Amino acid sequence: RNNYIKGNSSHVYGIEQFGGTYTTIENNTIIVEGYTPMGIGLIGKGATITNNYIVARGRTNESGTSADYIKPETTAISLKDGSDNIVANNHLETYNGTSINLRNERRNMITKNEMTVLGNSRYVMGDSKVDGSVFTDNVIEGNPLYSSLNDELVFVKKHTYVDGVIVANS
C-alpha cells in the first residue's frame, strides 16, 4: 500500500506476485518503461487490486521470452492461473500494449477502471481458458478498441463499455 514504484528496463515488473491468496495491492503509483513493461503481474486467488495509478510505456505489444511464469509483455495488469480477483477503481494507461491481460483466469471482477490504450487496438487480452469473469462499468479511451476475450469487435460508445460478461472462447 501507498508505494511509489518507478522502473525502466527491457522487461520490468512494477509488482510481481507468484502464488498467494487474498493479497491487497492498493493506493500505489507504478510507472514502468521499457521494451515490455508490466505494472502488476499476479498469479493468485482473491487478490484486491484497487485505487492504483499505473502507467506502462512499452516499445512493443509482443510477449517476450523469459523463464518467468508471467511472460514479459506491455500491460498495466496481468492476471494468470488464478481466480476470484477484484480489479477496481484503477487508472490504467498503456502505450503499445493492453490495459489488462487475463490467462487461465476464472471469476474475476473488473470494474470502474479508467483505461487509456495508445498504440494498440486491444484494451483487454484473454485466452481460451478465461471463464466467468465480469467486466463492467469501465471507462475506455484511446485507439479503436476491442477485446480478444470474445474475438469480436466491441464498439465503444462514448468511451464506456458497460455490462460485458467474459466467457470462455469456443
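Glu 26 is placed in strand 3; helices (H or I, at least four residues) and strands (E, at least two) are DSSP runs, numbered from the N terminus. When residues up to four places away in sequence are not counted, Glu 26 touches Arg 1, Asn 2, Thr 50, Asn 51 and Asn 52, a contact being heavy atoms within 4.5 Å.

Because the model is predicted, local features need pLDDT of at least 70 and side-chain atom pairs count only at pLDDT 80 or more, while totals for chains, interfaces and linings use all residues. Residues are numbered from 1 along each chain as its sequence is written, and side-chain values use heavy atoms, with hydrogens and water left out.

## Salt bridges

Side chains of opposite charge can pair when their charged atoms come close. A salt bridge is taken here as a side-chain nitrogen of Lys or Arg within 4 Å of a carboxyl oxygen of Asp or Glu, and by this rule the model holds five salt bridges. One of them joins the side chains of Arg 1 and Glu 26, at 2.5 Å from N to O. That pair links distant parts of the chain, since Arg 1 lies in the segment before strand 1 (4-8) and Glu 26 in strand 3 (residues 24-26), 25 residues apart.

Another salt bridge brings together the side chains of Arg 57 and Glu 33, with 2.8 Å between N and O. Arg 57 belongs to strand 7 (residues 53-58) and Glu 33 to strand 4 (residues 29-34), so this pair ties together parts that are 24 residues apart in sequence. Both ends are partly exposed, Arg 57 at 34% relative accessibility and Glu 33 at 24%. A further salt bridge is found between the side chains of Lys 80 and Asp 81, at 3.2 Å from N to O; here Lys 80 is buried at 18% relative accessibility, while Asp 81 is partly exposed at 34%.

## Two asparagines with positive phi

Asn 2, which lies in the segment before strand 1, has a phi near 60°, a positive value in a residue other than glycine. Asn 2 counts as exposed, at 58% relative accessibility.

Asn 96 also has a positive phi without being glycine, with a value near 65°. Asn 96 sits in the loop between strand 10 (91-95) and strand 11 (98-103), and at 27% relative accessibility Asn 96 is partly exposed.

Asn 85 is placed in the loop between strand 8 (75-80) and strand 9 (86-88), and counts as buried at 1% relative accessibility. Leaving aside neighbours within four places in sequence, Asn 85 is in contact with several residues, among them Leu 42, Ala 47, Leu 79, Glu 105 and Asn 108. Asn 85 and Asn 108 are 23 residues apart in sequence, yet 4.8 Å apart in space, C-alpha to C-alpha.

The side chain of Asn 85 also makes polar contacts with backbone atoms, a polar contact being a pair of N or O atoms within 3.5 Å in which, within protein, one must be able to donate a hydrogen and the other to accept it, and residues adjacent in sequence count only if both atoms are side-chain atoms. A polar atom of this side chain lies 3.4 Å from the backbone oxygen of Gly 44, and the Asn 85 side chain reaches the backbone nitrogen of Gly 46 at 3.2 Å.

His 91 lies in strand 10 and is buried at 18% relative accessibility. Not counting residues up to four places away in sequence, His 91 touches Asn 52, Tyr 53, Ile 54 and Glu 114.

## The largest nonpolar core

A nonpolar core is a set of buried Ala, Val, Leu, Ile, Met, Phe, Trp, Tyr and Cys residues joined through side-chain atoms within 4.5 Å. The largest such core has 26 residues, of which Ile 40, Ile 49, Ile 77, Ile 100 and Met 115 touch the most other members. Two or more residues of this core come from each of strand 4, strand 5 (38-45), strand 7, strand 8, strand 11, strand 13 (114-118) and strand 14 (122-126). Strand 8 gives the most to this core, with three residues.

Ile 49, one of the core residues that touch the most other members, has contacts that include Ile 25, Ile 40, Leu 42, Ile 77 and Val 87, when residues up to four places away in sequence are not counted.

Note on methods. Buried < 20%, exposed > 50% of the residue type's maximum accessible area, 1.4 Å probe, protein only.
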